[in-house]
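Work through the exercises below with the sequence and the 3D view at hand. Try each task before reading its solution.

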Amino acid sequence: MDAHVAQLQMQYRNYILSLYQQGFLDDQFTELKSLQDDGTPDFVAEVLSLFFDDCVKLVGNMARALDQTGTVDFSQVGANVHQLKGSSSSVGAKRVKGLCINFKELCEAKNYEGCVRCLQQVDIEYKTLKAKLQDMFNLEKQIVQAGGIVPQVDIN
Amino acid sequence: YSSMARDGGVSCLRSSETMRVGIGGMESPPLDLDEVHVLAVDDSLVDRIVIERLLRITSCKVTAVDSGWRALEFLGLDNEKASAELDRLKVDLIITDYCMPGMTGYELLKKIKESSSFRQVPVVIMSSENVLTRIDRCLEEGAEDFLLKPVKLADVKRLRSYLTRDVKLSNANKRKLPEDSVPVNTSLPPPPSPFTISPVSSDSSPPLTISPESSDSSPPLSPLEISSSPLSSPIDDEDDDVLTSSPESSSAPEESPARRQKMRSPLD
């Protein structure tokens, strides 16, 4: 039993580290984790869930704004990008945030093709992150179910 | 999760719209004068949840609203006549996002500083952009401080020193919440699982097709979200002045409105 837990914990540690190393997460995610305690065990999951809801909504808004035959309202697209940049920054979604920075410039330049491509990247990126974090939460669950505690992972 | 009523909940409750969770119809309990009450204003739900958590960890009672208008409504400043309820309304700190549709944090700041009832309340501005002219403008208008987003616990802990009331901070440094304070999510109906995720492929077709048919699958907006209408006003246009290096920082917070400080000092 203990060996199993230890193995899961190691898997978990490595997984978290890889998420940081591959640039999916930054220190704001670490900050969020530090705000969670025994009294609020679902805080991080809750915030992330809201973030992904935001992604769906904002990406939808942007897709509609970019799909106008005729004039595209780039300031409208930009306003949505700004929102997404903000919330991705708040949860530590590093890659999504990075894409939003590029996206913002493309909106300012009124680069239609660039915006369309960037939006597709944003869509893929947030979904990828969502899947990765689901895997992370599943590992946490497995550890707990195996009778272990979820380790604090020290990001260097 | 237990109900919020245990400790009297948030000290100043207007309507269920001001809180992320639908409490609806709960009467305002008498205020606990020893507890710090913060009004947080941010149009982003994610940011509201985070700031709420940060404030609760530092032993504050929090009322979170999604717009400047809601904030004014909450403070009773949305109409000319003074509300009799103001005697009971105790707000020790107002923390607001800068970029919001409709009324910006700067405009809200001005209205608060123009009011006789609330001009003494410290107002802190949060922004994702480190724009020097923006910071200056806010401080000149009377903002106590300017926080760069994403806001961290260290930033919020520093805010405690700006509070007008002399409050015991014995629990302020403990990460665990004081026993009579309520965790953020106790009044949420327990979700089926904390993080309901479906496999990526079922969210929508992975290659994004930009067409009117690809509607977003987000759930119906709660009243709170409906009011923060999609983003019709352009975001502030001061990006030319983005600051690339930190301004000089002082070691201790001071009264002077001209003080300008990047809040996340490496010394924290």
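**Exercise 1.** What is the accessible surface of chain A, and what share of it belongs to carbon and sulfur atoms?

Solution. This is a predicted model: local features need pLDDT of at least 70, side-chain atom pairs count only at pLDDT 80 or more, and totals for chains, interfaces and linings use all residues. Residues are numbered from 1 along each chain as its sequence is written, chains are lettered from A and ligands numbered from 1 in the order in which they are written, and side-chain values use heavy atoms, with hydrogens and water left out. Accessible areas come from the Shrake-Rupley method with a 1.4 Å probe, and for residues only the protein chains shown count as cover. For chain A the area is about 6900 Å². Carbon and sulfur atoms hold 50% of that area.

**Exercise 2.** State how many helices and strands each chain has, and give their order.

Solution. Helices (H or I, at least four residues) and strands (E, at least two) are DSSP runs, numbered from the N terminus. Chain A has six helices and zero strands, in the order α-α-α-α-α-α. Chain B has seven helices and five strands. Along its sequence the pattern of chain B is β-α-β-α-β-α-β-α-β-α-α-α.

**Exercise 3.** Find the nonpolar cores.

Solution. A nonpolar core is a set of buried Ala, Val, Leu, Ile, Met, Phe, Trp, Tyr and Cys residues joined through side-chain atoms within 4.5 Å. Buried means under 20% relative accessible area (1.4 Å probe, protein chains only). Start with the largest core, which has 77 residues; A:Phe51, A:Phe103, A:Leu133 and B:Ile95 have the most contacts inside it. Next, look for the main contributor: helix 3 (residues 43-65) of chain A, with 15 residues. Last, a second, separate core has 27 residues, including B:Leu75 and B:Met100.

**Exercise 4.** Describe the second largest cavity and its lining.

Solution. A cavity is a set of points on a 1 Å grid over the protein atoms alone where a 1.4 Å probe fits but cannot get out; lining residues have an atom within 4 Å of a point. A volume is the space filled by probe spheres set on the points, which are joined across faces, edges and corners. The second largest cavity holds about 70 Å³. Both chains supply lining residues, among them A:Gln28, A:Ser90, B:Asp42 and B:Lys149. Helix 1 (residues 45-57) of chain B gives the largest share, four residues.

Key:
Buried < 20%, exposed > 50% of the residue type's maximum accessible area, 1.4 Å probe, protein only. 1 Å grid on protein atoms, 1.4 Å probe; cavity = no way out; pocket = protein on both sides within 12 Å on 5 of 7 lines; lining within 4 Å.
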